[in-house]
Amino acid sequence: MTTVELAKRTGQSVITLQEFLVNLGEKVVSEFDPLKIDVAELVVMEVGANVRRQHSNEGSEILPRPVVVTVMGHVDHGKTSLLDALRQTSVAAKEAGGITQHLGAFVVRMPSGASITFLDTPGHAAFSAMRARGAAVTDLVVLVVAADDGVMPQTLEAVSHAKSANVPVVVAINKCDKPSANPERVKLQLASEGFLLEEMGGDIQVVEVSAVTKTGLDNLEEAILLQAEMMELKARVDGHAQAYVVEAKLDKGRGPLATAIVKAGTLVCGQHVVVGSEWGRIRAIRDMSGKLTERARPAMPVVIEGLKGLPMAGDDVTVVETEERARMLSAGRRRKYEKDRLRQIMEQRTENEPSEDDVPERTEMPLIVKADVQGTVQAVTDALRTLNSPQVFVNVVHVGVGPISQSDVDLAQACGAYIVGFNVKSPPSSISQAAIQAGTKIMQHQVIYHLLDEVGNLIVDKAPGTLETQVAGEAEVLNIFELRGRSKSAGGDIKIAGCRVMGGHFSKSSTMRLLRSGEEVFEGPCASLKTNKHDVELVEKGNECGLVILGCNDFQIGDVIQCLEQVVRKPKLIISDNGIARIEC
């Protein structure tokens, strides 16, 4: 793209863009000279516009590539166990509660000689962002539905991700070995949700499998390969790689590690790359079994070593020519990301800002989130932000990958934050002691539901609550007494209502409401409350009393008087069946 074209797209003058080019150290000869893609991106980010790279598939060598399959479905429907059976290794037993917490990628070599790249996504409602990422890099979705459980909320959510990514679906009905299994019921449920199954004249294949007894796996393999054959999957093999980060974590010995899937081209060891707002020189490429490899070809999941920081899951891997260009591009993206992040925080604050009439005050709940991998950090942060309410603003002040450190405790002490550790090791006793001395609460969990439950209850405790008027007691007027002959300065005649408390209690400090035939006649403070000519503060149910309402002289026998009290109503934590948590004020 030339400078003139870029000026038209961004709405800036050519002179402004040329000034940016000079600041970037580029030689400006003519406005009709084409710009390098990295330079064009830097200029656009400086202007403040959004930019997205579009990769060309043109190349001298386009070859067939393996299919990338994402396994989706509801929590505990046997996704990992099914993959387990396919690759003959045990992962589900190692996961917290047998539930997949983050996304795994690996290649399964089939007995037929074909290879399939699998992505395993978690089933928790909070991890929908991770499922969406899986759908973004995939060619085919295997939707796992338990034969004994049927279609569940997250099953439908997984379908919506597949539809939005325009990806075909193969349905695997798992747990067919169970006595309570009913595959026909599952098929009817799917059909009622708009699935056009093959048996019913549609194009969606359905396979009945059992991960435990390993039955039906050959049929599932055939269905996947048949669907892949129809799609005629090919990719450019030569030239710079186009790849996406699936997961990122911090390793004690090797530093930041990014799991990526190559979409096109070849990723070579030693290249300079920019991944999101991070950069680095690829020091090593490992396949999913941990073996070193010189290059990564399309549909191959690999772990990249050598980045300077942790990228976000979903970031694209951009190959650049020099280290200087990588640094500049990374710095430009980081500035843009920080601006967008601050704008988003301000928007969230104004969105959740309550009107002055509703809530007297709004408190802030600062949180520091640490998790084992980058994708989980994002998912947990997104889940915690759903707990925002008009009374409490959940402010995630810092996120990070790796164990809880002393610097986290220091930061928490400085801003009064709680520390959330998800799927990380317990901190050493020295850090735990420092946190106790600083008065900082550390919450550690391995299952998202338990974490949301604890944080939600903390929010409920911290919320100021709303003032509400409620009826504390009701009394019926049985007789009316009148005090005459009082001086004008004392307020003249006074009427006293002789009442019996029919329910609840009456308090002298409360407001009284007078009702006649169900209609409100008067409301005002209590001036006097007596029992047997003695002043009292409280009258319980069943007792009789004499009552004076300030400014009210219009009592009739049979009237009802209500005692009104102001109470503080706290918000409620509501967790739905599919694991979505929210605070109801």
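Colleague: What does helix H13 lie across, and at what angle does it run to E18?

Modeller: This is a predicted model. In it, H13 (residues 448-462) lies across E18, E19, E20 (418-422) and E21. Its direction is at about 160° to E18.

Colleague: What is the strand order in that sheet, and how are the strands paired?

Modeller: The order is E19-E18-E20-E21. The sheet is open, has four strands, and its pairing is parallel. The twist averages 25° from one strand to the next.

Colleague: Why are E19 and E21 said to stand at the edges?

Modeller: Count partners. E19 (392-401) and E21 (442-445) each have a single partner strand, so one side of each has no neighbour in the sheet.

Colleague: How do you know that E18 and E19 pair?

Modeller: Pairing needs at least two bridges. E18 (residues 363-371) and E19 have nine, in the parallel sense. The pair therefore meets the definition. One of the bridges links Leu 367 to Val 396 in E19.

Colleague: Now the helices. What describes the packing of H2 and H3?

Modeller: An angle and a distance between axes describe two packed helices. The axes of H2 (residues 14-23) and H3 (residues 37-47) come within 10 Å and cross at roughly 115°. The crossing is right-handed. Leu 17, Phe 20 and Leu 21 of H2 make the contact with Val 39, Val 43, Glu 46 and Val 47 of H3. Six of these residues are nonpolar, none is polar and one is charged.

Colleague: Why are Cys 552 and Cys 563 called buried?

Modeller: Buried means under 20% relative accessible area. Cys 552 has 3%. Cys 563 has 0%. Both therefore count as buried.

Colleague: And Gly 546, buried or exposed?

Modeller: Gly 546 is at 19% relative accessibility. The cut-off is under 20%, so Gly 546 counts as buried. Gly 546 lies in strand E28 (residues 544-549).

Colleague: What does Gly 546 contact beyond its neighbours within four places in sequence?

Modeller: Ile 496, Ala 497, Ser 528, Leu 529 and Lys 530. Gly 546 and Ala 497 are 49 residues apart in sequence, yet 5.6 Å apart in space, C-alpha to C-alpha.

Note on methods. Residues are numbered from 1 along each chain as its sequence is written. This is a predicted model: local features need pLDDT of at least 70, side-chain atom pairs count only at pLDDT 80 or more; totals for chains, interfaces and linings use all residues. Side-chain values use heavy atoms; hydrogens and water are left out. Axes are lines fitted to C-alpha atoms, for helices over the stretch in contact, and angles run from 0 to 180 degrees between N-to-C directions. Helices (H or I, at least four residues) and strands (E, at least two) are DSSP runs, numbered from the N terminus. A crossing is left-handed if the near helix is turned anticlockwise from the far one by less than a right angle, and right-handed if clockwise. Contact means heavy atoms within 4.5 Å. Ala, Val, Leu, Ile, Met, Phe, Trp, Tyr, Cys and Pro count as nonpolar, Asp, Glu, Lys and Arg as charged, and the others, Gly among them, as polar. Buried means under 20% relative accessible area, exposed over 50%, partly exposed in between (1.4 Å probe, protein chains only).
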